[in-house]
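Trainee: Could we go through this structure together, one question at a time?

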Amino acid sequence: QTCTVGLKFKDTNKAVSIGRLERFVADLGQNENGIPTVAPETEMKVAIIGSGPGGIVAAADTRRAGHDVTIFEAFHKPGGVMVYGIPEFRLPKAIVQKEIDVLTKMGVKIVCNFVVGRTRTVEQLMTEDGFDAVYIGVGAGLPRFMGIEGESLVGVYSANEYLTRANLMKAYDFGKGADTPIARSKKVAVIGGGNVTMDSARTALRLGAEKVYLVYRRTEKEMPARIEEVHHAKEEGVEFHILQSPKRIIGDENSRVTAIECLKYRLGELDESGR
Ligand SMILES: Cc1cc2nc3c(=O)[nH]c(=O)nc-3n(C[C@H](O)[C@H](O)[C@H](O)COP(=O)(O)OP(=O)(O)OC[C@H]3O[C@@H](n4cnc5c(N)ncnc54)[C@H](O)[C@@H]3O)c2cc1C
């Protein structure tokens, strides 16, 4: 059995397959269709900021204890990365909606288009709006760029923006009611070797790219992505370019991406992450 936790286990056949266990438990829960019991009301008001998996679990547990719970979500739809990041082909949105429906049936209030820090501050929630506690579950949505030349050219996206446009704002339906456009590129290079990279590469294929290249600085063995994600990406035709890292992104006179220049790498000594 392959393991989905930690690179060190990738080569062993004794490891526990966490992903499959999680899936089994989740499927079992889906089939139960039950609404958790809510304890008698406590008069305590709790604000949950963010409606990703963290916020959903915190809201459900807090509501079960009988507290009055409100989720504040910045986007127009609840679900966090499960809705704006992970593509439909990996996590159908109906499953996420079912989880959200359970929360509302338990009596959790969900307020969307509400950016805590702008619409209201945490302090205002606690001193003016009567909340006794605030749980901050805002995720890690800020992208980190590589700091190389050409990153501001037209056609360069962080995975976060690319996937949000494609998933949440339905860019694939542009002209038919989508909330945002997206560049329909014929050739796409995706940089990195994690699950987000695989999702982006496979999304690019679905958006009509003829060629999708995955550029990763180490070898496939060191890739943080789950083995099955790598397998699916390859199966769908993503072309892997390992031991390479972009040095600069090159554009034309209209500042549109035309190419990337890569450095070739060799594996060195293991670092503190064991890679
Ligand atoms: C493309 C992609 C694929 C992934 N695939 C997997 C996978 O297959 N398996 C897995 O286990 N994990 C996967 N992950 C990781 C997983 O999605 C995250 O670990 C998880 O979503 C984190 O949950 P969270 O609730 O902490 O944050 P998030 O899901 O990021 O949710 C945070 C929410 O807070 C909201 N928010 C932020 N700031 C504010 C504010 N000021 N006011 C109000 N709301 C705010 C955001 O809009 C967002 O909805 C993936 C991540 C990505 C990006």
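Trainee: How many residues of domain 2 are in contact with residues of domain 3?

Mentor: This is a predicted model, in which local features need pLDDT of at least 70 and side-chain atom pairs count only at pLDDT 80 or more, while totals for chains, interfaces and linings use all residues. Residues are numbered from 1 along each chain as its sequence is written, and side-chain values use heavy atoms, with hydrogens and water left out. With contact meaning heavy atoms within 4.5 Å, 14 residues of domain 3 are touched by residues of domain 2 numbering 11.

Trainee: Which residue forms a salt bridge with R90?

Mentor: Between domain 2 and domain 3 the count is 2 salt bridges, each being a side-chain nitrogen of Lys or Arg within 4 Å of a carboxyl oxygen of Asp or Glu. For R90, the closest N and O atoms are 3.5 Å apart, and the partner is E229.

Trainee: In what order do the 4 strands form the open sheet?

Mentor: Strands are DSSP runs (E, at least two residues), numbered from the N terminus, and two of them pair if DSSP finds at least two bridges between them. The edge strands, each pairing on one side only, are β3 (109–111) and β4 (133–136). The pairing is parallel, and the order is β3-β2-β1-β4.
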